[in-house]
Amino acid sequence: MSTPAGTTDSDPAPDRCPCRPLLDRFGDRWSVLLLISLQDGSKCHGELARTIGDISRKILTQTLRGLERDGLVLRTVLDGPVLRVRYELTALGRSLAGPLSAIRGWMDLHQEEMEAHQRAYDARATDPGVTDLRRARSARRATAERTPTGQASSRTRWSTQTATARSSGASAPSSILTP
């Protein structure tokens, strides 16, 4: 059996989009914020933590390691009385400055408009969910299937007789065959 170019038989998702790892990296909560923070120059771990704000030390370390692994961030250990670790963007990381600045500029330009849309969405009456709509439709159908005298229509009788015959394992009564 042949496999598509660039995949192996052990590849779990051979049709996976090649940009997926990059989207996963930038889709996390912290990577873009760290890259933007490092655009101003190298920073120590503590400086990054203060700049970002509500990030835990563990998540900060994990995210920085991921960015380092991807070649976007360079980690340098500085020797001295106290060991310090500084992080800075690599050339590859700096090449993201343009696209990140464009995204940041777009956000600055449209932030108020997006917040207004969010407030309007939150203030409107809650739309019924799909399940609620299906229940309402079923109730309308059941009501419509009843005749004005309150008796079930021939369609309802047909369905009931068929279901009864199927659940009992018996053959369908002849009345089912003539609605």
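Let me start with a term: buried means under 20% relative accessible area, exposed means over 50%, and partly exposed is in between, using a 1.4 Å probe and protein chains only. Take leucine 74, with a relative accessible area of 42%, so leucine 74 is partly exposed.

Now the ground rules. This is a predicted model, where local features need pLDDT of at least 70, side-chain atom pairs count only at pLDDT 80 or more, and totals for chains, interfaces and linings use all residues. Residues are numbered from 1 along each chain as its sequence is written, and side-chain values use heavy atoms, with hydrogens and water left out.

On to the sheet. Helices (H or I, at least four residues) and strands (E, at least two) are DSSP runs, numbered from the N terminus. Two strands pair if DSSP finds at least two bridges between them. In general, strands of a sheet pair through backbone hydrogen bonds, either parallel or antiparallel. Here we have an open sheet of 3 strands, in the order 1-3-2, with antiparallel pairing. Which strands sit at the edges? Strand 1 (43-44) and strand 2 do, and each pairs on one side only.

Look at strand 2 first. Strand 2 covers residues 73-78, strand 3 covers residues 84-89, and they pair in the antiparallel sense over 6 bridges. A hairpin of 5 residues joins strand 2 to strand 3. Now walk along the pairs. Leucine 74 stands opposite glutamate 88. Valine 77 stands opposite valine 85. Leucine 78 has arginine 84 as its bridge partner.

Then the other side. Strand 1 and strand 3 run antiparallel and are joined by 2 bridges.

Is tyrosine 87 buried or exposed? Tyrosine 87 has 6% relative accessibility, so it counts as buried. Glutamate 88 lies in strand 3 as well. Glutamate 88 has a relative accessible area of 33%, so it is partly exposed. As background, side chains in a regular strand alternate between the two faces of the sheet.

A few distances, all C-alpha to C-alpha. Leucine 74 and serine 42 are 32 residues apart in sequence and 9.2 Å apart in space. Tyrosine 87 and glutamate 68 are 19 residues apart along the chain, with 9.0 Å between their C-alpha atoms. Glutamate 88 and leucine 72 are 16 residues apart in sequence and 8.6 Å apart in space.

Next, the core. A nonpolar core is a set of buried Ala, Val, Leu, Ile, Met, Phe, Trp, Tyr and Cys residues joined through side-chain atoms within 4.5 Å. The largest one here has 18 residues, and those with the most contacts inside it are Leu34, Leu35, Leu48, Leu60 and Val73. Helix 2, helix 3, helix 4 (57-69) and strand 3 each give two or more residues to this core. Which element gives the most? Helix 2 does, with 4 residues.

So, helix 2 itself. Of its 8 residues, 6 are buried. Those are Ser31, Leu34, Leu35, Ile36, Ser37 and Leu38.

On a 1 Å grid over the protein atoms alone, a pocket is an open set of points where a 1.4 Å probe fits, with protein on both sides within 12 Å along at least five of seven lines; lining residues have an atom within 4 Å of a point. A volume is the space filled by probe spheres set on the points. About 170 Å³ of space lies in the largest pocket. What lines it? The lining is Leu33, Ile36, Ser37, Gln39, Asp40, Lys43, Thr51, Ile52 and Arg104. By class, that is 3 nonpolar, 3 polar and 3 charged residues. Helix 2 (31-38) and helix 3 (45-52) each supply at least two residues of this lining. Helix 2 gives the most, with 3 residues.

Last, the cysteines. A disulfide is a pair of cysteine sulfur atoms within 2.5 Å. How many disulfides does the structure hold? The number is 0. Cysteine 17 is at 40% relative accessibility, so it counts as partly exposed. Cysteine 19 has a relative accessible area of 34% and is partly exposed.

Note on methods. Ala, Val, Leu, Ile, Met, Phe, Trp, Tyr, Cys and Pro count as nonpolar, Asp, Glu, Lys and Arg as charged, and the others, Gly among them, as polar.
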